[in-house]
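Good morning, and thank you for coming.

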Amino acid sequence: ATKAEVKDQKNGSGKKVVVGFSQIGAESEWRTANTKSIKDACEEAGFELKFSDALQKQENQIKAIRSFIAQKVDYIALAPVVETGWDTVLKEVADAKIPLILVDRSVKTADGKDDLWITRVGENFYEEGKNLAEWVKNNEEKLGFKGKDTVNVYQLEGTVGSGAAIDRGQAWVDTMEGTKFKTIKSQTGDFTRAKGQEVMESWLKSDKGKIDLIYAHNDDMALGAISAIEAAGLNPGVDIKIVSIDGVKGAFEAMIAGKLNCVAECSPLTGPVLVQTISDLEAGKEVPKLTYAKEEVFPAEKAAEILPSRQY
Ligand code: GYE
């Protein structure tokens, strides 16, 4: 557990808590929901939020962080687009004695230490990938893979170098090792619908008839792949099975339509946890070094029942 250094009399003085948040971008339904959750929660808590959209570029995030330091914000929240390359700027944050909170994705420092942030409010990407791969292994029959010697898997990877893509990829490799599920091709679709569609189109050109299963690191890329599969005259979810991660509404709708077979949830509803964390730090309390969102696996047959209760 870690604790922020006790700061000035802000508590008593009634000044608003100022939070600088460097968000990755707006690449997916998930990200849009994440931004909304954080904006809403900060507003409700009466925090002043300085929001910066990095358009997927680490250099923009580094600039935003430096500008937050210059503005002397009380807290910096960072959703890091990639895992590495943060050491210098995070040391600058530490020198300025501004508590840094990682939101969503992970950071790896050169020395392997985790002392450049006070806490991470994130999601367990490895578990998500593992849970989804386990579901696939346990549902061979339902997926129509029972009699097959080999199942050809095509992986749509998330943003190269991102914690989410690295861990989800590794979890699949580990879980599928020694099984009949073989990854034939793996390419990044940058967590976007457009790129997921583009990559799927190219696979259909070269490998049509060979593709059994798409493992997409997020729903948006799966939804893009679904469009490409339909355009090629095939039935997504039937001729080519598809599983993905997030659990956004668009994915539930695709599952209900029979076009997507299973989704592992990744919750973007980080706002309330972030606000609670900051409030605890303001009160001088200790906070856990890492908090993961609670997440489930939703197979297509449960989608209709669950959709009405989905919040994103
Ligand atoms: O799965 C994807 C988004 O980092 C967990 O980023 C997040 C991922 C999420 O663009 O949809």
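This is a predicted model: local features need pLDDT of at least 70, side-chain atom pairs count only at pLDDT 80 or more; totals for chains, interfaces and linings use all residues.

Let us turn to the ligand. It is surrounded by 14 residues, and the closest are Ser28, Trp30, Ala164, Phe191 and Asn218. How many residues of each class does the shell around the ligand have? There are seven charged, five nonpolar and two polar residues. At least two residues of this shell come from helix 2, residues 29–45, and at least two from strand 9, residues 241–246.

Next, the chain as a whole. It contains twelve strands and twelve helices. The C-alpha trace spans about 70 × 40 × 30 Å along its principal axes. For 312 residues, a compact globule would have a radius of gyration near 20 Å, and the chain, with 21 Å, agrees with that. Of these 312 residues, 48% count as buried. Among the contacts with a separation of 6 or more, 76% join residues 24 or more positions apart.

The axes of helix 5, residues 125–138, and helix 7, residues 163–176, come within 7 Å and cross at roughly 35 degrees. This crossing is right-handed. On the side of helix 5, the contact includes Phe125, Tyr126 and Ala133; on the side of helix 7, Ala164, Trp172 and Met176 are among the residues involved. By class, the contact between the two helices has seven nonpolar, four polar and five charged residues.

Gly46 is located between helix 2 and strand 2. Is Gly46 buried or exposed? It is exposed, because 9 other C-beta atoms lie within 10 Å, and a residue counts as exposed at 12 or fewer.

Lys72 lies in the loop between helix 3 and strand 3. It is not a glycine, yet its phi is positive, about 55 degrees. It has 10 C-beta neighbours inside 10 Å and therefore counts as exposed.

Lys97 occupies the loop between helix 4 and strand 4. Its phi is also positive, near 55 degrees. With 9 C-beta neighbours inside 10 Å, Lys97 counts as exposed.

Thank you for your attention.

Definitions and conventions. Residues are numbered from 1 along each chain as its sequence is written. A residue is near a molecule or strand if its C-beta atom, placed from the backbone, lies within 6 Å of it. Helices (H or I, at least four residues) and strands (E, at least two) are DSSP runs, numbered from the N terminus. Ala, Val, Leu, Ile, Met, Phe, Trp, Tyr, Cys and Pro count as nonpolar, Asp, Glu, Lys and Arg as charged, and the others, Gly among them, as polar. The radius of gyration is taken over C-alpha atoms; the globule rule is 2.2 Å times the number of residues to the power 0.38. A residue is buried if 20 or more other C-beta atoms lie within 10 Å of its own, exposed if 12 or fewer, and partly exposed in between; C-beta atoms are placed from the backbone. Two residues are in contact if their C-beta atoms, placed from the backbone, lie within 7 Å. Axes are lines fitted to C-alpha atoms, for helices over the stretch in contact, and angles run from 0 to 180 degrees between N-to-C directions. A crossing is left-handed if the near helix is turned anticlockwise from the far one by less than a right angle, and right-handed if clockwise.
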